[in-house]
Amino acid sequence: MTDQSTNASWGGRFSEPTDAFVARYTASVDFDQRMYRHDIQGSVAHARMLAHVGVLSNDERDDIIRGLEEVRIEIERGDFDWSIALEDVHMNIEAALTAKIGITGKKLHTGRSRNDQVATDIRLYLRDEIDLISAELTRLQQGLIELAKREADTIMPGFTHLQTAQPVTFGHHLLAWNAMLERDYARLQDCRKRVNQLPLGAAALAGTTYPIDRCYTAELLGFDAPTENSLDSVSDRDFAIEFTSAAALIMMHMSRFSEELVLWASAQFRFIDLPDRFCTGSSIMPQKKNPDVPELVRGKTGRVYGHLVSLLTLMKSQPLAYNKDNQEDKEPLFDTVDTLRDSLRAFADMAPHLQARRDDMRDAAKRGFSTATDLADYVVRKGIPFRDAHEIVGKAVAYGLEQGKDLSDMTLEELQQFSDEITVDVFDVLTLEGSVAARDHIGGTAPDQVRAAAVRAQNMLASRP
């Protein structure tokens, strides 16, 4: 008679029960129970396939599906008793099923192993999460594009090295963020293709002797195709690493956004106002309005980077096929999913409500000689080589620093001391509005180009499935 304290899924081989500490140490049910829906979904499809090929009767199939639905309802009602002794989500659900429908429940595991079962569950789970994350990313993009349209004429300084470079529009800057997110979305969709392969049927590592129909199961579960190699099927976690890599890139982009929002909301910049509901105050300084959401996103980026390194390290020395190491894939993956989804949600909620301080942005753009390049281009159009024009404008800037004047504030006589080619039409290019309007080409900062780019971006979002 089998010792009841030994795991019933493999206890026949062992002569003594598992040590209580080892049972806790090796159990994963505390964290993998979040995949219960996907485990049940996979089991229902497996039961249908077994009946389809004649391994189960139709009555057995129906009993299993009915029992699994009852288990699902219990879990979602909060009435399910998760047991560490049963190790994981798979064995907990199978044990509950068997308790409900009897010996037929034990037939469900025919033709499969926990190795291909868990690989299937993770893929089902991650596929759903990619879709949810993609929706939040799209929502963030929609908010940024709408804001960019609203701020297409708002002039701000563009920066390199965090030093004033050339004037741009706030709308143009926001669309730069959107361009990053557009690449992120494409990476997620590409990753999803490799997630959407069915490992079920690989069994422990070498397939099964039962006459299973893997293509039928793949069709039932919405997978594009079964995986090709049984050894690789149960041990592959590339798809999880690839997703985490894509997540790390998204978080890196959002951290860059966060850094700019934190700077812009400060008293030193005063470019934007963040909505109060996304900020907190200080326990001691009553004037403070802290940009907590952007700061947290910036901080949480590091944990996603860590999860990527963790997963790469997890897999780097594993021989084929499945190893217990792979139990450690779930917590970093789950936390990456949660962190990324929540960060995108926070930004998608916040972004449409950012308020630009337009006058402060414009005043900042007037400082730092942001139209110097426009003056150099003007002089070049008068027939002077660019290197000479660069030197002319450099001297004009040095003069402006001595006199405390921006280029646009100098008189024509002051400008002509650096070049006789400068005439009264120079002031058309030294204005901030003239500077941004002159860049009237695809990808440029001109307000009309920003509005056109926003329409193109909206059309790209509208074309998504």
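Residues are numbered from 1 along each chain as its sequence is written. In this predicted model, local features need pLDDT of at least 70 and side-chain atom pairs count only at pLDDT 80 or more, while totals for chains, interfaces and linings use all residues; side-chain values use heavy atoms, with hydrogens and water left out.

User: Which residues of helix 8 (residues 214-221) are buried?
Analyst: Helices (H or I, at least four residues) and strands (E, at least two) are DSSP runs, numbered from the N terminus. Buried means under 20% relative accessible area, exposed over 50% and partly exposed in between (1.4 Å probe, protein chains only). In helix 8, the buried residues are T217, A218 and L221.

User: Which elements do the buried residues of helix 8 pack against?
Analyst: Contact means heavy atoms within 4.5 Å. The buried residues of helix 8 pack against helix 3 (36-52), helix 6 (114-150), strand 3 (197-198) and strand 4 (225-226).

User: What is the angle between helix 3 and helix 6?
Analyst: Axes are lines fitted to C-alpha atoms, for helices over the stretch in contact, and angles run from 0 to 180 degrees between N-to-C directions. Angles under 35 degrees count as roughly parallel, over 145 as roughly antiparallel, 65 to 115 as roughly perpendicular and the rest as oblique. Helix 3 and helix 6 are therefore oblique to each other. Their axes are 9 Å apart, and the angle is about 120 degrees.

User: Where is F369, and is this residue buried or exposed?
Analyst: Most residues other than glycine have a negative phi. Phi of F369 is positive, near 55 degrees. F369 lies in the loop between helix 13 (358-366) and helix 14 (372-381). With a relative accessible area of 13%, F369 is buried.

User: Which peptide bond is cis?
Analyst: Most peptide bonds are trans. A321 is found in the loop between helix 11 (292-315) and helix 12 (330-350). With omega near 10 degrees, the cis bond runs from L320 to A321.
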